[in-house]
Amino acid sequence: MYSEFYNLTGKPFQLTPDPNFYFDSSTHHKAMAYLSYGISQGEGFIIITGEIGSGKTTLVGRLLQSLDPNDFSTAKIVTSQLDADDVLKMVAAAFGINIKDTDKAEMIIEIEKFLRNNSKMGKTTLLLIDEAQNLTTQALEELRMLSNFQDGNKALLQSFLVGQPEFRDKWAFDPALEQLRQRVIATHHLSPMKADETKEY
């Protein structure tokens, strides 16, 4: 009914985030700048946090839309409570790597082989993890280990971690994540839109 009244061409209130409805508020613009900066650096972790409904998933979807598939190989994972081995399986599955009946050592070898092959083809490999607050410390450390893969001085994998506010404290203060903290090259917390921005929205 409202669609006809307002002459809308799409459904604006669906539960599934739609990157086509991305709104470039000041906080989202800044977050996109950090994501773009991270891609230009080609290494490390970029962390984006925000409250439920602040547009984190839409932001990531918008980023993925903007990337040329000829230049980038991307995978997105929406996490639940994953342990270290499970997160490796999720990474492999997200990139389409066959890991049936494969132990952890073999999984890591196959993932590295995939990353090196992408690098040879001139592709940047990006891993985007949504709901990162659900990852265990061990799973985050496993992701950090994947960031060690290099071809000369070039990192083979870059990761974006997107999560709710509690993830800020986890990665910033957990003593076991000191090495991951050293790999974080940018971070941004999505704040609420300003009053004038809500009118534009």
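These legends go with close-up views of a predicted model.

Local features need pLDDT of at least 70, side-chain atom pairs count only at pLDDT 80 or more, and totals for chains, interfaces and linings use all residues. Residues are numbered from 1 along each chain as its sequence is written, and side-chain values use heavy atoms, with hydrogens and water left out.

**View 1. Helix α6, largely enclosed by the rest of the structure.** Helices here are DSSP runs (H or I, at least four residues), as are strands (E, at least two), numbered from the N terminus. Eight of the 10 residues of α6 (residues 137-146) are buried; that means under 20% relative accessible area, with exposed being over 50% and partly exposed in between (1.4 Å probe, protein chains only). Among the buried ones are Thr-137, Ala-139, Leu-140 and Leu-146. Arg-144 and Glu-141 are buried too, and their side chains meet in a salt bridge at 2.3 Å, N to O. By salt bridge we mean a side-chain nitrogen of Lys or Arg within 4 Å of a carboxyl oxygen of Asp or Glu. The two partners sit three residues apart in α6, about one turn of the helix.

**View 2. A salt bridge between Lys-104 and Glu-142.** Here the N to O distance is 2.9 Å. This pair ties together distant parts of the chain, with Lys-104 in helix α5 and Glu-142 in helix α6, 38 residues apart. Lys-104 is partly exposed at 34% relative accessible area, while Glu-142 is buried at 11%.

**View 3. Helix α4 crossing helix α5.** The axes of α4 (residues 84-94) and α5 (residues 104-120) come within 10 Å and cross at roughly 35 degrees. Axes are lines fitted to C-alpha atoms, for helices over the stretch in contact, and angles run from 0 to 180 degrees between N-to-C directions. Contact (heavy atoms within 4.5 Å) is made by residues including Leu-88 and Val-91 of α4 and Met-107 and Ile-111 of α5.

**View 4. Leu-156, tucked into a loop as a buried residue.** Look for Leu-156 between β5 (154-155) and β6 (158-163). Its relative accessibility is 4%. Leaving aside neighbours within four places in sequence, Leu-156 touches Leu-115, Arg-116, Ser-119, Thr-125, Phe-149, Gln-150 and Asp-151. Asn-117 is 39 residues from Leu-156 in sequence and 9.6 Å away in space, C-alpha to C-alpha.

**View 5. Tyr-6 in the loop between α1 and α2.** With a relative accessible area of 56%, Tyr-6 is exposed.

Key
A crossing is left-handed if the near helix is turned anticlockwise from the far one by less than a right angle, and right-handed if clockwise.
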